[in-house]
Amino acid sequence: MPRLLLLASLLLVRPLLGAAPPLDFDAARGAREVGMGGTFRELGIGANAADGNPAAMALFQAYQLEFAGGYDWKSKGWYAAGWARDSTNPELSGAYSLHYISNDYGGGNVGQWAHSLSIGTRLGDRVAFGLGGRWLIQSTPKINAASLNLGLSVLVIPQLTLGVAGYNLIDTHHPELSRSFEVGFGVLLGPVRLATEVRSDIGRGPLQPIWNSGVEVFLGRSFALRGGWEWREPVQQNFVTAGLGFVFDNAGLDIGWRHGLAGAGDLIVGGLRIQLQ
């Protein structure tokens, strides 16, 4: 009898473990970043620096627009996002993003609007400081809250960037805006770019890190291959990622794919990048 009860418990628990989680703000990324294991926060090379370390964008001068849309056919969730970034003035850089995230819970649909605004400035040639804010509006349960991000980035050498950041430092009592601290780096070695970021809350129980690691390899000037890995300790989920990129003069088209192990969800993302300056 105890064996039968144990078997029945395992059969009941397995569907819950294998259920694909809903899409969230951390998953709603550009196709390039999804293909690189979700890394982007410490790189500062794309317009979606608006969502990451607000200091990182100040280290690299650029005027960019990005658009992306993604769909997870396991969780039946989808999102659309856009980013704009102007860091051509080293004294004051700015970036803005807008996301809409939709999740189907069977009995109804839950929508989220998320806005991010970041500004940064250089402190000399190699150090930058930044601050940013995120404003989240959700339909059910109803959320209308905003929080604060802070960051510091260091260009150790032209090929190596290090950064530290704190996200959602204002406690809104919403898990969708949970506090976290991050350290990460990006390395550029010729046509190869490597990046790793790890973040977790500190001082509120045991560390539960989220790891993002990725690589981008350019084959010539117009074609890139990407791959990565993501581990989410709080929910015990593993993801492997892959992506392709095509560059045409001042524009780029990207495709990113994230595969969740043990039924964690499969996300496909397409994106457009425009380099205006």
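User: Which residues does L23 touch in this model, leaving out residues up to four places away in sequence?
Analyst: Contact means heavy atoms within 4.5 Å. The model is a predicted one. By that cut-off, and with residues up to four places away in sequence not counted, the partners of L23 are D72, S75, G77, W78, Y79, I101, N103 and L267.

User: Which element gives the largest share of the largest nonpolar core?
Analyst: This core has 13 residues, and L23, V34, Y79, W83, I101, L267 and V269 touch the most other members. The elements giving two or more residues to the core are α2 (31-35), β2 (77-86) and β14 (265-275). The largest share, 3 residues, comes from β2.

User: Is T241 buried or exposed?
Analyst: T241 is found in strand β12, residues 237-248. Its relative accessible area is 9%. The cut-off for buried is under 20%, so T241 is buried.

User: Which residue has its backbone nitrogen 3.0 Å from a polar atom of the T241 side chain?
Analyst: T241 touches V34, G35, M36, G37, R226, G227, G228, W229, W257 and R258, not counting residues up to four places away in sequence. One of these contacts, V34, is also among the residues that touch the most other members of the largest nonpolar core. The backbone nitrogen at 3.0 Å from the T241 side chain belongs to G37.

User: Which residue joins its side chain to that of E182 in a polar contact?
Analyst: E182 lies in strand β8 and is buried, with a relative accessible area of 4%. Not counting residues up to four places away in sequence, E182 touches R41, E42, G163, V164, A165, Y167, E197, V198 and R199. The polar contact between side chains, at 3.0 Å, is with Y167.

User: Which residue in the turn between β8 and β9 has a positive phi?
Analyst: Strands β8 (residues 180-189) and β9 (residues 192-200) pair in the antiparallel sense over 9 bridges, and V187 stands opposite L194 in β9. The two strands form a hairpin with 2 residues between them. The turn residue with a positive phi, about 65°, is G190.

User: How many bridges join β9 to β10?
Analyst: Strand β10 covers residues 210-218 and runs antiparallel to β9. R199 stands opposite I210 in β10. The number of bridges joining β9 to β10 is 8.

Conventions: Residues numbered from 1 in each chain as written. Predicted model: local features only at pLDDT ≥ 70, side-chain atom pairs only at ≥ 80, totals over all residues. Heavy atoms only, no water. Helix = DSSP H or I, 4+ residues; strand = E, 2+ residues; numbered from the N terminus. Buried < 20%, exposed > 50% of the residue type's maximum accessible area, 1.4 Å probe, protein only. Polar contact = N/O pair within 3.5 Å; in protein donor to acceptor, adjacent residues only side chain to side chain. Core = buried A, V, L, I, M, F, W, Y, C linked by side-chain atoms within 4.5 Å. Pairing = 2+ DSSP bridges.
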